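Here is a short tour of a protein model, one region at a time. Have the sequence and the 3D view open as you read.

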Amino acid sequence: MSYRFARITSLYPQYISNFYFKNTVSEKLPYEEQQRMLINDAYEIAGLYTKNLNNINVKAFDIVSNATHLQNKWADENRMARKANTSEIIIQQLKTMKPDVIWIDDFSFVNNEWKTFLLRQV
């Protein structure tokens, strides 16, 4: 049985800053390329779960919640309002991906209102 898996995670803020400093062109790349570069460059645990799940035919996604450039790129490509915040962008990503399983590593943006909204929308 195949299923869809989304992992919401974060990376060290200094790592993200350094990544975009070293890879200035990446901000201009499409979301998928930018995301792939970030995950492939990051320390092993960042994409370990999704890489291995994809290897066994599970459609797995990483959502890096604190990668602002990356999240804004997704929002732009999906015609979201410029005022959208991280929570709104992630909810839209989940609606688009339609995961069967959601693994949340980063709870910094999650509150009871967000969880209730998410449960109603996904």
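## Around N54

Setting aside neighbours within four places in sequence, N54 is in contact with K59 and A60 (contact means heavy atoms within 4.5 Å). A polar atom of the N54 side chain lies 3.0 Å from the backbone nitrogen of A60. N54 sits in helix α3, and helices here are DSSP runs of H or I with at least four residues, while strands are runs of E with at least two, numbered from the N terminus.

How exposed is N54? N54 is partly exposed, with a relative accessible area of 34%; buried means under 20%, exposed over 50%, and partly exposed is in between, using a 1.4 Å probe and protein chains only.

## About the model

This is a predicted model, where local features need pLDDT of at least 70 and side-chain atom pairs count only at pLDDT 80 or more, though totals for chains, interfaces and linings use all residues. Residues are numbered from 1 along each chain as its sequence is written, and side-chain values use heavy atoms, leaving out hydrogens and water.

## The largest pocket

Now for the open space. A pocket is an open set of points on a 1 Å grid over the protein atoms alone, where a 1.4 Å probe fits, with protein on both sides within 12 Å along at least five of seven lines; lining residues have an atom within 4 Å of a point. The largest one is lined by 18 residues, and E32, Q35, A60, F61 and D62 lie nearest its centre.

Helices α2, α3, α4 and α5, along with strand β2, each supply at least two residues of that lining. The largest share, 6 residues, comes from α2.

## Two cores

A nonpolar core is a set of buried Ala, Val, Leu, Ile, Met, Phe, Trp, Tyr and Cys residues joined through side-chain atoms within 4.5 Å. The largest has 17 residues, and L11, Y15, L38, V64 and L70 touch the most other members. Helices α1, α2 and α4 each supply at least two residues of this core, with α1 giving the most, 4 residues. Apart from it lies another core of 13 residues, including I8, F61, I63 and W114.

## Helix α5

Helix α5 covers residues 86-97 and reaches 16 Å from its first C-alpha to its last, close to the 16 Å expected at 1.5 Å a residue (1.5 Å times one less than the number of residues). Buried residues in α5 are S87, I89, I90, I91, Q93, L94 and M97. After α5 comes K98, whose phi is positive, near 50 degrees.

Definitions and conventions. Polar contact = N/O pair within 3.5 Å; in protein donor to acceptor, adjacent residues only side chain to side chain.
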